[in-house]
Amino acid sequence: LYVYQDPTPNAYTFGVDHYFVAVSTGCLELLDDEEILCVLAHELGHVHADHVLYKSAARVFGTVASTIIQATFGIGSLVVYPVQLALLRWDRASELSSDRSALLVVKNPQVVMRTLMKIAGGTRRYGNELAIDAFIDQADSFGKMQDEGPLGRYITIFQSLFRTHPFPIWRTKEILDWVSTGNFLEILDGDYKTRALVATK
């Protein structure tokens, strides 16, 4: 576990055989203990779900893709962009999965949503004035915009097309949906599938 100097609240996991988690100073200064636990649980969710290798590959491919596009005067984008967009789409989905991991650890949707709210636009100075209810209302509005038809869906997808992380408001909507319609409570009760462990000689 490492701490790095950066005012932007963030954390990441890296490694192949031996993983490490790095947390920014901005994250530690902005979040309380419950919220930091949420961030760490999110990062370890990536490890547990074997996301780290593929996320690393997506980052490397993004760098290589830029080089290819420049070297071919943009022609290479016809080949590179579809692959890059598919990797980024998977990358964003992995973030939603790890948000669920965080929720299973802290066992309180309010903590996860509060963490996402602070990452979206919190400051230490005005941290006590942030309203979680208003943030949840924004998440509901975001969901309704997606359901307004093809145009609303296109706008929300296009805005995040080249992002590695979904917008915090999108992640909040997914948490709300999983708590209200998913199997969150069943998992807490112990009702879930497990992976079979393969014995090695």
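Helix 4 supplies the largest share of the lining of the largest pocket, five residues. The model is predicted: local features need pLDDT of at least 70, side-chain atom pairs count only at pLDDT 80 or more, and totals for chains, interfaces and linings use all residues. Residues are numbered from 1 along each chain as its sequence is written, and side-chain values use heavy atoms, without hydrogens and water.

A pocket is an open set of points on a 1 Å grid over the protein atoms alone, where a 1.4 Å probe fits, with protein on both sides within 12 Å along at least five of seven lines; lining residues have an atom within 4 Å of a point. The largest pocket holds about 540 Å³ of space. Its lining has 16 residues, and His48, Ser101, Leu104, Ile187 and Lys193 are the closest to its centre. Helix 2 (33-48) and helix 4 (77-106) each give at least two lining residues. Volumes are the space filled by probe spheres set on the points, which are joined across faces, edges and corners.

The second largest pocket has a volume of about 340 Å³. It is lined by 20 residues; Pro9, Asn10, Ile119, His165 and Arg171 lie nearest its centre. Helix 2, helix 4, helix 5 (109-121) and helix 8 (168-181) each give two or more residues to this lining.

Strand 2 (residues 11-14) pairs with strand 3 (residues 20-24) in the antiparallel sense over four bridges. Pairing requires at least two DSSP bridges between two strands. Helices (H or I, at least four residues) and strands (E, at least two) are DSSP runs, numbered from the N terminus. Tyr12 has Ala22 in strand 3 as its bridge partner. The two strands form a hairpin with five residues between them, and Gly15 in the turn has a positive phi of about 135 degrees.
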